[in-house]
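Please examine the sequence and the three-dimensional structure shown below.

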Amino acid sequence: MRRAYSVETVRAAEAALMQRLPEGALMQRAAAGLAAACGDLLRRNGRVYGSRVLLLVGSGDNGGDALHAGARLARRGAGVRALLLAPDRAHPGGLAAFRAAGGQVVDGPDGLGALDLVVDGITGIGGRGGLREDATEVVHAVTRDRTPVISVDLPSGVEADTGEVHGEAVRADATVTFGTYKPGLLVDPAAEHAGALRLVDIGLGPELPEPPDLEALQYADVAALLPVPGAESDKYRRGVVGVVAGSERYPGAAVLAVAGALRGGAGAVRYVGPGADAVIARFPETLVHAGPPSKAGRVQAWVVGPGLGDGRAAEAAVADVLAADVPVLVDADGLRLLDAGTVRTRTAPTVLTPHAGEAAVLLGTAREEVESGRLTAVRELAARYRATVLLKGSTTLIAEARDTPVRVNPTGTSWLATAGSGDVLSGLTGSLLAAGLAPRDAASVGAYLHGLAARHGSGGAPVSAQDVADGIPAAWRDVRAG
């Protein structure tokens, strides 16, 4: 599992560790890991010896890491130069080591010639706001030929704690981070600037508290959560999920939500809504009912909202489902029709699955604010509605109303930007709720499988929502196989 901590927590852990280490030892550990990563990239594109490396060095320890790493590369035969963006505040020890190893300090980006690698050591985890104008000009000048960029700890100009980007920021091909991940490395829009991530162990682990601020599940974590039928399982023990979806205008939403539920391992699916004929034609095993949902029969969880449309009937269906004493997932049109007070006072779990536009409406803010501050938005939604919230988007985030780490889904792909894929996710997550997974686990596993399913469904070609549904079994097998 990838775990991320706030800047405040990281600084406290570093301070505690440095008290037990010789002076400068922690920076040398970071520099060694950074130099190794730079060397790996240079070897893939040619060789270390004779390569041309430019360090962009800011003030403080971040610049010191870059300078010490540059010294190590210089001792391996690389031609390393450093451009100091704050010459009077450059790390003294790092600068002395760099010069002693044969590194050269340059005054500006002009006349550097071709470069094999740029190391971004401009700002550290404490940086706020975008890059200053002078730094922006330098970055643009040295990367205009698409020279590979490695960022030190995180791309300069992004917000470490929130993943927000206010102004210009470095776009790295790779980021080497130290001790632990920072939230901004895992959450868009900052994550888009980070490139490939490499974590360098500097011995910080024992100093980091529980729980982390953010976590991202990996294959083994998801495999441990997957509900697998036992010898005594029947369709009811495996979980029965109710689906209230579709309308005369959007009958396909019903089909896709049911597809997600069935592919997600539900023992049975009860469908309520006007799309019964379309659902039965595609999935004859579905149990259909004319409604209301409370009269459809026993379920372990409900999914309500995809393609439901407007009107009194749709509103009544949402209210009826929210009155049930079982977990309920609300998506799409259901998010517009729900009563906030009812959601907050439910005793059974509620999962809300908005995209940025729907989240903006629920929060009473602008869509742009949600997209630029996704971590803040998902936490606020969970607290305000006392629910588990799955915020869909370029990085899908899952938050609870209680004080648990926000989860970020690492399998997201742009192939999911297709009509109906959210309906599939709703059904899939609903089936996991019905199987007995806790809301945060069901949402996390659902998002993880959903992303993998899109990759299976696309095969590098355009993917439809039905392809995503059909790819779920293969995604399931992948996770179980490790």
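**Helices, loops and charged pairs**

Glu371 and Arg367 both belong to helix 15 (residues 367-372), where they stand four residues apart, about one turn of the helix. This is a predicted model, in which local features need pLDDT of at least 70 and side-chain atom pairs count only at pLDDT 80 or more, while totals for chains, interfaces and linings use all residues. Residues are numbered from 1 along each chain as its sequence is written, and side-chain values use heavy atoms, with hydrogens and water left out. Helices (H or I, at least four residues) and strands (E, at least two) are DSSP runs, numbered from the N terminus.

Q: How far apart are the closest N and O atoms of Glu371 and Arg367?
A: The two residues form a salt bridge, that is, a side-chain nitrogen of Lys or Arg within 4 Å of a carboxyl oxygen of Asp or Glu. Glu371 has 36% relative accessibility and therefore counts as partly exposed; buried means under 20% relative accessible area, exposed over 50%, and partly exposed in between (1.4 Å probe, protein chains only). Arg367 also counts as partly exposed, at 39%. The closest N and O atoms of the pair are apart by 2.9 Å.

Q: Which residue does a cis peptide bond join to Asp188?
A: The omega angle of this bond is about 5 degrees.

Q: Is Asp153 buried or exposed?
A: Asp153 lies in the loop between strand 6 and strand 7. Its phi is positive, about 75 degrees, although Asp153 is not a glycine. At 8% relative accessibility, Asp153 counts as buried.

Q: Which side chain of opposite charge is nearest to Glu164?
A: Lys and Arg count as positive and Asp and Glu as negative, while His and the chain ends are not counted. Glu164 is buried yet has no salt bridge. Its side chain does make a polar contact of 2.8 Å with that of His166 (a pair of N or O atoms within 3.5 Å; within protein, one must be able to donate a hydrogen and the other to accept it, and residues adjacent in sequence count only if both atoms are side-chain atoms). The nearest side chain of opposite charge, 8.8 Å away, is that of Arg379.

Q: How many residues apart in sequence are the parts that Glu215 and Arg407 tie together?
A: The side chains of Glu215 and Arg407 meet in a salt bridge of 2.8 Å, N to O. Glu215 lies in strand 9 and Arg407 in strand 18, so the parts tied together are apart in sequence by 192 residues.

Q: Which residues are linked with Glu215 in a network of salt bridges?
A: Arg440 forms a salt bridge with Glu215, the closest N and O atoms being 3.2 Å apart. Both Arg440 and Glu215 are buried. The residues linked with Glu215 in the network are Glu400, Arg402, Arg407, Arg440 and Asp441.
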